[in-house]
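Trainee: Could we go through this structure together, one step at a time? I would like to learn how to read it.

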Amino acid sequence: PLLAFSTRAIDQALPTKLRMEPHEDKWHLTWLNPLALRFKHGQISREFANGWGTLDDAIDQFERGELSARHFENSPLTVVWESGLLWSLSNRRLYVFRVAHALGCCSTCPCVILPLGHSRVQQIIGATTKWVDAHTTTTNGNVVSVRGGSRYQELQSGQPISERAARFLNLPSLEQFLQRVKLQMGCGDEEICKYQEALERQGYLST
């Protein structure tokens with residue numbers, strides 16, 4: 001159903017500098033929570049390529065309701081599954097989506113998941129491949145440094161910063177989450193109680 005959604009009207013309404021070319025793998029589009037993705041880079045530029053403006057400009061547009069995840073449907077994040085983790089090769093867009101998630105502006109982002117052996121991932125760059133060349137993270141992909149700075153650097157963890165943001169994201173309460181665990185994992189009441197106590201000891205009083 002997501003693939004049937006037409007973005008032509010939305011795309012035409014965008015400023016020229018924000019219009020995006022159709023992605024060659026658009027028919028393999030999937031929507032993922034940005035918190036599930038890791039940064040491949042250790043540092044990113046504060047500006048988009050091709051004159052799209054700064055990362056902070058895009059985040060400001062998310063806050064004002066002028067930009068949404070749907071606007072990126074024709075330019076999804078390139079994601080690679082490797083060693084049990086989802087790595088993003090689209091680090092600037094991931095940064096924007098993580099901050100937008102923290103602000104309660106979006107809950108998922110459009111992605112294309114490619115295998116490690118895909119030609120685009122293994123594209124030769126100098127004496128190495130794009131995949132190897134891109135791996136400069138020193139935080140196991142958890143956070144990234146923005147060259148030139150960003151007003152939103154502290155929000156890139158993506159955790160909702162307010163009750164309003166959490167409500168918009170429709171996050172379950174801790175009790176609802178535990179009930180889901182119980183149903184999906186087949187846990188008994190005693191196991192659930194122990195799990196809840198363990199979460200609370202670690203400070204997880206809510207999602």
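Mentor: Gladly, and let us start with a definition: rings of Phe, Tyr and Trp (its six-membered ring) pair if their centres lie within 6.5 Å, and planes under 30 degrees apart count as stacked, over 60 as edge-to-face and the rest as tilted. This is a predicted model, in which local features need pLDDT of at least 70 and side-chain atom pairs count only at pLDDT 80 or more, while totals for chains, interfaces and linings use all residues. Residues are numbered from 1 along each chain as its sequence is written, and side-chain values use heavy atoms, with hydrogens and water left out.

Trainee: How many aromatic pairs does the structure hold?

Mentor: A pair of aromatic rings is described by the distance of the centres and the angle of the planes. With the cut-offs above, the number of aromatic pairs in the structure is three.

Trainee: Is the pair of F62 and F72 stacked or edge-to-face?

Mentor: The ring centres of F62 and F72 are 6.2 Å apart. Their planes meet at 10°, so the pair is stacked.

Trainee: And which kind of pair do F62 and F97 make?

Mentor: Both F62 and F97 are buried, where buried means under 20% relative accessible area, exposed over 50% and partly exposed in between (1.4 Å probe, protein chains only). The centres of these two rings, F62 and F97, lie 5.8 Å apart. Their planes are at 70°, so the pair is edge-to-face.

Trainee: How many residues apart in sequence are the parts that F62 and F97 tie together?

Mentor: Helices (H or I, at least four residues) and strands (E, at least two) are DSSP runs, numbered from the N terminus. F62 belongs to helix α2 and F97 to helix α3, so the parts tied together are 35 residues apart.

Trainee: Why is α3 described as largely enclosed by the rest of the structure?

Mentor: Among the buried residues of α3 are L94, F97 and V99. α3 is largely enclosed because the buried share of its twelve residues is eleven.

Trainee: What span should helix α6 have at 1.5 Å a residue?

Mentor: The expected span is 1.5 Å times one less than the number of residues. Helix α6 covers residues 174–185, which makes twelve residues.

Trainee: Over what arc around the axis do the buried residues L174, L178 and V181 of α6 lie?

Mentor: L174, L178 and V181 are buried in α6. The arc is that of the directions from the helix axis to the C-beta atoms. These residues sit on the same side of α6 because their arc is only 55°.

Trainee: Which residues are exposed on the other side of α6?

Mentor: What covers the buried residues includes α7 (189–201), with contact meaning heavy atoms within 4.5 Å. On the other side of α6, the exposed residues are L183 and Q184.

Trainee: What is the relative accessible area of S83?

Mentor: S83 is in the loop between β4 (77–82) and β5 (85–88). Its phi is near 55°, a positive value in a residue other than glycine. S83 is exposed, and its relative accessible area is 63%.

Trainee: Over which ring does the charged end of K40 sit, 3.3 Å from the centre?

Mentor: A charge sits over a ring if NZ of Lys or CZ of Arg is within 6 Å of the ring centre and within 35 degrees of the ring normal. K40 lies over the face of W87, at 5.3 Å from the ring centre. At 3.3 Å, the ring under the charged end of K40 is that of W131.
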